[in-house]
Amino acid sequence: MPRKARSVNRHPANPDPMFGNAKYGKFINYLMQRGKKNVAQRIFYMALEEVSKKMSTAEQPVEGKQIFEQALRNISPLVEVKGRRIGGANYQVPMEVVEPRKTAIGMKWLIAAAQARKGAPMYQKLAAEIMDGYNKIGAAIKKREDTHRMAEANKAFAHFAKFQRR
């Protein structure tokens with residue numbers, strides 16, 4: 001019997017007010033600190049504007065939304081390792097990450113990498129990390145590669161994934 005009940009019907013995230021996108025609303029909620037949603041929205045929209053300004057050229061304008069979507073896809077992990085206790089021993093078992101968790105992890109890594117940067121306002125740090133994610137460099141991409149490397153190193157224990165509790 002599992003100790004924790006799984007939620008069957010999750011309610012969707014509220015969409016953000018500017019674009020009406022639920023994924024952006026979720027990102028803003030992760031970005032928010034101490035209940036200050038207006039501040040988080042302002043940071044997110046200013047970061048998208050900054051990305052759009054820096055990535056656009058005179059002949060090729062680029063929307064910050066497209067860059068953000070691609071950066072999030074680049075940052076989101078495909079596999080992760082989970083600890084499983086089998087026969088008195090703990091194993092790091094690699095498992096495929098399913099979609100809602102994949103984007104949530106990517107969002108959290110993106111925000112953590114932006115917060116770790118020093119010496120700039122948050123919207124500039126977030127914009128820089130989004131552009132780094134788009135170009136497949138930066139701290140969030142390194143975190144993804146480290147996770148994939150760990151899963152690759154422990155793929156000998158992949159057969160323990162069938163003992164996973166659902």
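**A lysine and its surroundings**

Tutor: Keep in mind that this model is predicted. Start with K125. Leaving out residues up to four places away in sequence, K125 touches A114, Q115, R117, K118 and A120.

Student: Where is K125 found?
Tutor: K125 sits in helix 5.

Student: Is K125 buried or exposed?
Tutor: K125 is buried, yet it has no salt bridge.

Student: How far away is the nearest side chain of opposite charge?
Tutor: That is E129, 10.0 Å away. A salt bridge needs the charged atoms within 4 Å.

Student: OK, what does the side chain of K125 reach?
Tutor: The backbone oxygen of R117, at 3.2 Å.

Student: New topic. Which residues of helix 3 are buried?
Tutor: G64, I67, F68, E69, A71, L72, N74 and I75.

Student: And what covers them?
Tutor: The cover includes helix 1 (22-31), helix 2 (37-55), helix 4 (99-116), helix 5 (122-134) and helix 6 (139-153).

Student: What span should helix 3 have?
Tutor: Helix 3 has twelve residues, 64-75, so at 1.5 Å a residue it should span 16 Å. Its end C-alpha atoms are 16 Å apart, which agrees.

Student: Now the strands. How many bridges join strand 1 to strand 2?
Tutor: Eight. Strand 1 is residues 79-86, strand 2 is residues 89-96, and they run antiparallel.

Student: Which residue is the bridge partner of E80?
Tutor: M95, in strand 2.

Student: What about the hairpin between the strands?
Tutor: Two residues lie between strand 1 and strand 2. In that hairpin, G87 takes a positive phi near 60°.

How values were computed:
Residues numbered from 1 in each chain as written. Predicted model: local features only at pLDDT ≥ 70, side-chain atom pairs only at ≥ 80, totals over all residues. Heavy atoms only, no water. Helix = DSSP H or I, 4+ residues; strand = E, 2+ residues; numbered from the N terminus. Expected span 1.5 Å × (residues − 1). Buried < 20%, exposed > 50% of the residue type's maximum accessible area, 1.4 Å probe, protein only. Contact = heavy atoms within 4.5 Å. Lys, Arg positive; Asp, Glu negative; His and termini not counted. Polar contact = N/O pair within 3.5 Å; in protein donor to acceptor, adjacent residues only side chain to side chain. Pairing = 2+ DSSP bridges.
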